[in-house]
Amino acid sequence: MKDRYDVIVVGAGPAGSIAAKTAAEKGLDVLLIEKRQEIGDPVRCAEGASKIYLKNHVEIDKKWICADLKGSRIYAPDGTLIEMAEEISGGEVGYVLERKIFDRALAEKAAEAGAEVRVKTRATDLIIEDGFVKGARLMHLGKKYEVRADIVIGADGVESKVGRWAGIDTALKPADIETCAQYLMTGLDIDQEYCEFYIGGKLAPGGYVWIFPKGEGKANVGIGLLGSETGKFKPRPIDYLNKFVEKRFPEGRIIEMVLGGVPVSGSIEKTSTNGLILVGDAARQSDPITGGGIINAMDAGKIAGEAAYEAISAGDVSEEMLEEAYEKRWRTTVGHEIDMSLVVKNCFINLDDEALNSLAHSLKDVKFERMLLLDLLYALFKANKKLLWDLRVLFKDAAKEVAKNKL
Ligand SMILES: Cc1cc2nc3c(=O)[nH]c(=O)nc-3n(C[C@H](O)[C@H](O)[C@H](O)COP(=O)(O)OP(=O)(O)OC[C@H]3O[C@@H](n4cnc5c(N)ncnc54)[C@H](O)[C@@H]3O)c2cc1C
């Protein structure tokens with residue numbers, strides 16, 4: 001390991017690897033560090049990702065695809081089924097990945113582009129001088145290193161410390177975290193071409209249960225609950241999950257277990273400062289409704305890599321420069337989607353089971369393969385006029401989408 005690079009990227013998840021790859025492709029000298037000994041393992045994810053968005057970043061490789069989905073099936077509290085085509089099911093529905101292979105493949109792409117990849121290397125602090133981040137303190141096999149760089153990219157996931165070290169407030173309230181529990185199960189009798197979602201206050205308060213098929217009778221079966229709905233005197237996500245699994249898959253076998261959290265806060269105020277960029281879960285860029293963050297992490301990772309190049313080439317890594325090159329760009333793309341999702345989440349979170357059932361009844365005969373956002377809003381309007389009023393800001397976007405499709 002050298003003692004100086006143009007860029008240090010902390011964390012080799014999807015955000016960090018895409019940021020490192022992008023910066024290295026631009027000709028920057030990049031160090032990508034990962035504290036674990038194997039990139040992508042252990043997995044803390046249901047591994048669902050939209051096909052079309054993935055293709056924006058990597059060539060699809062069968063090695064890391066477990067299932068190719070046609071769509072999603074959403075079950076209302078009374079069991080009413082809504083079936084949606086893959087194209088309109090959101091950023092988590094498309095392929096079910098094998099992230100142990102996928103994450104490593106992304107890091108390999110960063111290495112092929114010229115980045116130096118170091119596993120079992122943990123960032124323990126930042127070097128900060130004259131109000132600028134100037135590098136990071138690292139630990140590798142018990143030995144300490146001080147490595148300098150023009151820009152540090154913090155891609156260290158939901159438990160990120162890099163932002164805090166630089167004085168950026170990334171703290172999350174319990175209501176801003178989806179607390180998750182998941183089993184990888186085998187011996188399941190499920191349709192391998194559809195993922196399933198179950199909603200309702202009894203099954204998953206403030207969240208949902210998911211089943212993501214992984215081929216050969218296997219699936220990720222998990223649950224996410226709002227942090228405010230669980231805690232000391234309330235059942236834990238795993239308690240709800242066990243109840244669901246006992247009923248739905250009495251014959252299934254559990255072969256892996258995952259516990260973890262996902263930020264569902266929506267955009268935070270600041271994700272960069274002098275010499276530092278935060279990206280992915282570290283920047284709280286996951287979707288506030290679903291908790292999905294792979295695609296957003298990759299999209300923002302690309303912007304971060306490009307922004308690092310622009311700032312370093314201009315000889316200006318100040319907060320003002322990064323505001324232009326990074327903050328503004330991710331907020332008008334990834335951030336805009338996040339803001340819209342937050343509006344919808346804040347409405348749906350207040351619906352009881354009866355209201356959810358009534359929405360499901362009004363949507364169950366809609367042909368989702370051909371539906372535009374406006375059609376969906378119209379169907380919702382028929383079911384619940386108050387909801388439509390609460391969601392009125394989305395109309396501007398829906399109208400734009402319709403106009404775009406007609407041109
Ligand atoms: C149960 C569960 C299910 C989920 N399901 C989905 C899903 O189906 N679809 C979807 O899109 N999203 C899903 N998500 C969210 C998704 O996993 C994350 O949004 C995504 O992984 C974010 O990528 P990232 O690169 O920002 O962070 P991560 O993938 O978390 O990567 C961060 C990396 O940084 C490393 N690191 C941390 N600290 C340091 C340090 N100090 N030094 C060096 N390395 C460090 C970590 O080891 C890790 O490898 C799920 C999350 C959970 C918990």
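User: In which helix is the place of alanine 307?

Analyst: This is a predicted model, in which local features need pLDDT of at least 70, side-chain atom pairs count only at pLDDT 80 or more, and totals for chains, interfaces and linings use all residues. Residues are numbered from 1 along each chain as its sequence is written. Helices are DSSP runs of H or I with at least four residues, strands are runs of E with at least two, and both are numbered from the N terminus. On that basis, alanine 307 belongs to helix α6.

User: Is alanine 307 buried or exposed?

Analyst: A residue is buried if 20 or more other C-beta atoms, placed from the backbone, lie within 10 Å of its own, exposed if 12 or fewer do, and partly exposed in between. Alanine 307 has 30 C-beta neighbours inside 10 Å, and therefore it counts as buried.

User: Which residues does alanine 308 touch, leaving aside those up to four places away in sequence?

Analyst: Two residues are in contact if their C-beta atoms, placed from the backbone, lie within 7 Å. With residues up to four places away in sequence left out, the partners of alanine 308 are Val7, Ala23, Leu28, Ile151, Ile153 and Ile277.

User: How many bridges join β12 to β15?

Analyst: Two strands pair if DSSP finds at least two bridges between them. Leucine 184 has asparagine 220 in β15 as its bridge partner, and β15 also runs antiparallel to strand β14 (residues 208–215), to which 7 bridges join it. β12 and β15 likewise run antiparallel, and the number of bridges joining them is 8.

User: Why is strand β15 largely enclosed by the rest of the structure?

Analyst: Strand β15 covers residues 218–226. It is largely enclosed because, of its 9 residues, the number that are buried is 8.

User: Between which two domains does the shell around the ligand lie?

Analyst: The domain bounds come from an automatic or database domain assignment. Both domains give residues to the shell around the ligand, so it lies between domain 1 (4–44 + 100–170 + 269–332) and domain 2 (69–96 + 173–263).
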